[in-house]
Amino acid sequence: MSTPAESLHDAFEDAFAGLRQARQAFTPTLGMRETGVVTQVATGIAHVRGLPGAGYDELLLFPGDMFGLAFNLDEDEIGVVLLGDHARLQAGAEVRRTGRVMDIAVGDGLLGRVIDPLGRPLDGRAPLAAGKRLPIERPAPPIMDRAPVSVPLQSGLKVVDALIPIGRGQRELIVGDRQTGKTSIAIDTILNQRGENVLCVYCAIGQRAAAVARVVANLREHGAMEYTVVVVAEGDDPPGLVYIAPYAATSIAEHFMEAGRDVLIVYDDLTQHARAYRELSLLLRRPPGREAFPGDIFYIHSRLLERATHLGAERGHGSLTALPIIETEAQDISAYIPTNLISITDGQIYLSPSLFELGVLPAIDVGKSVSRVGSEAQRASYRAVTGDLKLAYAQFEELENFARFGTRLDEDTRRIIDHGERIRACLKQPELAPVSVPAQMAILLALSHKLFDPVPLAQMAQAERAVHMAAANIPASLCARFETGDKLTEADRDVIIEIARQALASWCSTEKTTPVPGEAGPAATAAGR
Ligand SMILES: Nc1ncnc2c1ncn2[C@@H]1O[C@H](COP(=O)(O)OP(=O)(O)OP(=O)(O)O)[C@@H](O)[C@H]1O
């Protein structure tokens with residue numbers, strides 16, 4: 001039995017052994033922590049002194065886990081864009097360098113989620129699991145890694161797919177005054193990607209919370225959230241968050257593209273983005289240029305949209321199609337931001353307020369819209385039909401104005417106008433109701449064969465509906481050929497035209513025929529005009 005003195009000695013020995021071990025294992029590492037101090041705070045920005053080593057775009061950490069981006073690197077001061085509420089910050093607060101740039105979580109876990117540009121959930125669900133992260137600012141893929149745009153991206157909108165087709169990897173601008181249906185076109189395109197193996201990212205930039213909630217509800221209701229990520233920076237968020245939102249959303253989309261997937265991204269809208277950047281630049285005392293925008297406003301949008309592309313086979317064949325939205329004022333597409341964006345993108349879909357007022361929805365002005373690369377990717381079956389249609393519609397638009405003055409028109413002109421009016425009526429489409437390729441083909445072929453011409457204008461909606469429904473009778477083998485992009489043979493066209501002819505039988509024959517069951521036939525209404 002040991003004495004108390006011996007027990008004490010043993011206890012000391014044990015304790016010292018532990019200490020000795022810890023001392024041997026200890027390898028001191030010196031970490032540098034550069035700290036500075038906030039000298040001034042304003043809406044969305046702060047000025048910081050004492051961080052001479054900070055780099056451009058470096059993430060700085062403020063008290064309360066608020067981050068900021070080093071933006072203006074002056075000799076003795078840094079202008080910082082705050083990514084949180086400036087009201088929580090005061091002059092004198094400590095700022096730390098992080099040595100890293102802003103990044104965002106990416107991956108399949110984001111599908112179905114609504115997040116802010118910092119990756120924080122806004123849908124009340126669990127925080128995102130830790131995983132792969134990508135910087136929000138990344139260089140665009142080099143030219144040699146890119147492949148031509150060759151695969152169509154169906155929007156489900158007849159007027160777009162037929163006359164302004166979009167290809168996977170294209171950047172197509174949606175431009176128009178406020179409340180002309182810009183968002184609806186983008187949302188319809190997302191809804192149409194269901195079952196098409198295209199993932200979608202919807203980036204709401206500076207929108208009202210109610211508008212974003214409506215979009216998310218529509219996506220959810222139509223089962224589109226399962227393949228969509230929604231990134232939101234609302235109008236009352238700090239301008240810094242609004243500014244980084246499209247870059248963060250693009251990194252999320254790029255991750256999918258680099259994994260070989262086809263991705264569609266919608267920026268709704270870049271006018272708000274430009275305004276947020278102008279606000280930050282003016283507060284940071286950067287020299288203002290045209291319309292008070294800073295000199296690099298073109299660059300901030302071009303470096304964003306250059307990231308959309310179709311990657312070549314060595315890079316996995318993924319694609320990123322961008323639909324940026326721009327709001328114009330009083331239809332002025334020659335304003336600074338719209339012209340910039342028009343020159344950066346590969347075409348534009350122009351929405352006309354006058355068509356919207358006339359109830360021609362979607363209110364797309366075909367004459368002012370163009371798709372510079374998408375027509376290369378358009379399916380052969382469409383191409384065979386839409387050439388005539390474009391021409392007929394352009395002739396109609398030209399002659400329409402004469403007809404308005406009540407000019408007496410010769411028979412040929414009257415026929416062109418009548419046909420054009422029916423094309424316009426057929427291209428109308430309610431929102432949230434994308435039309436499948438076979439139904440589009442049936443309607444377009446019926447149009448180009450002038451099967452709708454005997455239909456009174458007032459009954460065009462029913463007639464179009466009848467052909468739409470009848471498209472279900474197109475044989476499956478023929479529908480499969482639409483997908484493969486094969487050219488339609490004469491026999492194929494005859495099959496479809498016959499189906500459309502039967503659907504329109506009650507209108508195509510004389511006034512005496514019976515109407516389509518459940519619908520007002522020609523006998524019910526006299527001349528539609
Ligand atoms: N094809 C359509 N059929 C019927 N209604 C439509 C159609 N397209 C848009 N609308 C309606 O027009 C209104 C404006 O649409 P939307 O919000 O898409 O326009 P916007 O130009 O994006 O508006 P904002 O300028 O507010 O962003 C909405 O009430 C929408 O329901």
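How far apart do the C-alpha centres of domain 2 and domain 3 lie? In this predicted model, the separation between these two centres is 32 Å.

The two domains belong to a protein chain that is divided into three: domain 1 covers residues 35-100, domain 2 covers 105-378 and domain 3 covers 381-524. Between domain 2 and domain 3 there is a contact region, in which 21 residues of domain 2 meet 20 residues of domain 3. On the domain 2 side of this region, helix 2 (158-163) and helix 3 each supply at least two residues. Helix 2 has the largest share of that side, with five residues. Sorted by class, the side of domain 2 that touches domain 3 consists of ten nonpolar, eight polar and three charged residues.

The ligand also brings the two domains into one picture. Its shell draws at least three residues from domain 2 and at least three from domain 3. In total, 14 residues surround the ligand, and the closest are Arg-178, Gly-181, Thr-183, Ser-184 and Leu-361. Helix 3, which spans residues 182-191, gives the most to this shell, with three residues. The shell is made up of seven polar, four charged and three nonpolar residues.

The unreviewed entry labels residues 156-371 as "domain: ATPase F1/V1/A1 complex alpha/beta subunit nucleotide-binding". In the model, the span 156-371 is 40% helix and 20% strand, and its end C-alpha atoms lie 16 Å apart.

With neighbours within four places in sequence left aside, Val-467 is in contact with Ala-442, Ile-443, Ala-446, Ala-500, Ala-503 and Leu-504.

A residue from a loop ends the tour. Ala-472 is found in the loop that runs between helix 14 (460-470) and helix 15 (476-484). Is Ala-472 buried or exposed? Ala-472 counts as exposed because it has 12 C-beta neighbours inside 10 Å, and the cut-off for exposed is 12 or fewer. Leu-391 is 81 residues away from Ala-472 along the chain, and the C-alpha atoms of the two are separated by 29 Å.

Notes. Residues numbered from 1 in each chain as written. Predicted model: local features only at pLDDT ≥ 70, side-chain atom pairs only at ≥ 80, totals over all residues. Contact = placed C-beta atoms within 7 Å. Helix = DSSP H or I, 4+ residues; strand = E, 2+ residues; numbered from the N terminus. Buried ≥ 20, exposed ≤ 12 C-beta atoms within 10 Å, placed from the backbone. UniProt positions renumbered as here; feature names shortened; annotations may be inferred. Near = placed C-beta within 6 Å. Nonpolar A, V, L, I, M, F, W, Y, C, P; charged D, E, K, R; others polar. Domains from an automatic or database assignment.
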